[in-house]
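Colleague: I'd like a close look at one part of this model, with the geometry and the cut-offs spelled out. Could you walk me through it?

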Amino acid sequence: MVRGETESGTPFARVYGPADREGADPAALGEPGGFPYTRGVHPGMYTERPWTMRQYAGFGTARESNARYRELIGHGTTGLSVAFDLPTQMGHDSDAPLAAGEVGKVGVAIDSVEDMAVLFDAIPLGEVSTSMTINAPAAVLLLLYELVAEEQGVPAERLTGTIQNDVLKEYIARGTYIFPPEPSLRLVADTFAYCREHLPRWNTISISGYHMAEAGATPAQEIAFTLANAIAYVDAALGAGLAVDEFAPRLSFFFVARTTLLEEVAKFRAARRIWAHLMRDRFGAQNPRSMMLRCHTQTAGVQLTAQQPEVNLVRVTVQAMAAVLGGTQSLHTNSFDEAIALPTQKAARLALRTQQVLAHETDLTATVDPFAGSYVVESLTDDLEAEALRLMAAVEERGGAVRAIEEGFQKSEIERIAYRVAREVDEGERVVVGVNRFTVEEDEPYQPLRLDPALEAEQTARLARLRASRDGAAVRTALEEVRRVAAGSGNVLVPLKEALRRRATVGEVCDALRDVWGVHRPRETF
């Protein structure tokens with residue numbers, strides 16, 4: 001970091017003291033588990049049980065990923081987190097022309113309910129909590145998961161987990177969108193309503209600041225743009241006729257944890273406080289769970305370096321401590337080799353062991369919110385809250401998150417910061433150990449995990465067998481029903497589930513929705 005200011009650009013004093021807290025409102029701090037949840041969403045936090053230890057994994061075909069999941073569970077992982085390949089994220093089948101060369105590369109390839117069944121073979125879905133990092137086709141993958149649970153004999157009301165389902169941040173930071181914003185918001189609202197009735201324990205969305213942070217957003221921008229998107233989702237659900245306390249308790253969030261530990265701790269605390277006031281004062285929520293910002297955290301992939309990769313073990317440990325001290329509900333720790341390739345088994349195990357050491361060998365779980373009352377952390381929390389509210393007001397002035405996205409506001413703000421940071425690294429003003437200071441002549445050799453190129457052919461052959469064995473007429477009828485409901489106002493998840501049950505593929509159901517809703521074409525900027 002650059003001395004003299006925080007990552008968010010606010011002043012960072014050399015010394016903090018009582019004068020920095022004069023006039024502070026004691027109610028803004030509150031008690032753990034009490035409004036406005038600055039100190040955490042539960043009274044006992046980790047003194048009662050540790051955070052959920054998730055490990056994000058998925059590569060190649062469902063069979064390879066299933067083996068990795070079972071290994072992680074055997075080593076003590078308490079929650080799975082599924083990475084999907086780019087074709088799946090974009091709603092394309094593995095044999096689509098656009099999928100060539102990308103099948104199984106950055107996650108697991110899922111084309112049908114049969115792939116999903118292999119992915120979770122011998123994993124009891126009624127006992128494990130599963131997070132799925134999927135956005136534009138999130139409803140489709142959730143329905144596949146529900147169908148597999150049915151085949152395992154697990155009632156839908158027992159299923160626990162999260163779908164990311166946050167398409168708005170895709171327009172800002174990642175680009176794996178399919179449909180235009182308005183129908184995308186409809187699909188999100190339909191998912192809220194469907195889960196309220198069929199999957200009551202499922203977290204219907206994980207509103208993500210992580211990917212904006214990976215694109216360069218500051219902590220203040222991460223809070224502001226994430227909560228601005230959350231407002232848009234709440235408005236969409238209310239517009240669809242849902243009451244706020246019917247869906248808000250199942251909203252969750254996804255943040256990054258950087259190496260700037262003190263500011264990161266303050267970020268989590270400020271985000272919880274802003275959200276609590278938003279839900280109570282703006283949306284009239286009555287249920288305390290509607291006001292609790294519950295979050296999953298992942299350590300910062302963008303801060304990993306390919307140079308001297310073992311140093312990433314230190315970075316990830318500091319980042320994990322920031323998440324824990326900030327009060328996260330679940331955590332994924334990156335593997336030290338992820339800047340080079342997909343994690344090896346040893347690296348993934350070490351990442352999990354990092355969390356286990358923090359949970360069981362340190363005193364971080366001995367007390368709740370250990371930084372409460374700290375002059376520096378409380379001051380940083382106030383500063384971050386003020387800066388985030390300023391940015392949220394700027395989004396509101398432009399007509400809300402969707403209009404601001406169409407204008408390119410959030411994207412341009414993040415890119416401005418990313419450029420500044422890159423310049424600081426290039427000029428040596430910002431130190432990156434092993435990259436622009438404390439370098440070595442030559443790194444030790446490293447053998448990355450390599451995927452078998454035959455996996456893509458294997459997956460497309462599996463898809464061909466599925467199409468040959470299913471009832472083609474029944475699939476066509478089911479897909480036509482998807483188009484009919486998508487053109488109307490009914491809940492589109494109902495016909496989607498029936499089409500998937502009849503062995504329609506992910507690409508086919510997404511194509512049916514494309515036929516009606518079209519695809520998003522970003523406005524070019526020069």
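Colleague: To start with, in which segment is Pro-36 found?

Modeller: Pro-36 sits in the segment before strand 1 (52-57); helices (H or I, at least four residues) and strands (E, at least two) are DSSP runs, numbered from the N terminus. Before going on, the ground rules: this is a predicted model, where local features need pLDDT of at least 70, side-chain atom pairs count only at pLDDT 80 or more, and totals for chains, interfaces and linings use all residues. Residues are numbered from 1 along each chain as its sequence is written, and side-chain values use heavy atoms, with hydrogens and water left out.

Back to the backbone. The peptide bond from Phe-35 to Pro-36 is cis, its omega being near 0°. Met-45 lies in the segment before strand 1 as well, and its phi is near 40°, a positive value in a residue other than glycine. Those two are worth a glance because most residues other than glycine have a negative phi, and most peptide bonds are trans. Met-45 counts as buried at 9% relative accessibility (buried means under 20% relative accessible area, exposed over 50%, partly exposed in between, with a 1.4 Å probe and protein chains only).

Positive phi turns up again at Arg-503, with a value of about 80°. Arg-503 belongs to the loop between helix 19 (493-501) and helix 20, and at a relative accessible area of 21% it is partly exposed.

Two packed helices are described by the angle between their axes and the distance between the axes. The axes are lines fitted to C-alpha atoms, for helices over the stretch in contact, and angles run from 0 to 180 degrees between N-to-C directions. Helix 20 (residues 506-517) packs with helix 18 (residues 472-487) at an angle of about 35°, their axes 9 Å apart. The crossing of the two is right-handed (clockwise; left-handed if the near helix is turned anticlockwise from the far one by less than a right angle).

Another pair to look at is helix 8 (residues 219-239) with helix 14 (residues 375-397), packed at about 45° with axes 8 Å apart. That angle makes helix 8 oblique to helix 14, since under 35 degrees counts as roughly parallel, over 145 as roughly antiparallel, 65 to 115 as roughly perpendicular and the rest as oblique. Helix 8 passes helix 14 in a right-handed crossing. Phe-225 and Ile-231 of helix 8 are among the contributors, as are Leu-384 and Met-392 of helix 14. The residues of this contact divide into 13 nonpolar, one polar and two charged.

Lastly, two single residues. Arg-68 lies in helix 1 (residues 62-74) and is buried, with 7% relative accessible area. Val-118, in helix 3 (residues 113-119), is partly exposed at 28%. Leaving aside neighbours within four places in sequence, Val-118 is in contact with Ala-62, Arg-63, Asn-66 and Arg-462.

Terms used: Contact means heavy atoms within 4.5 Å. Ala, Val, Leu, Ile, Met, Phe, Trp, Tyr, Cys and Pro count as nonpolar, Asp, Glu, Lys and Arg as charged, and the others, Gly among them, as polar.
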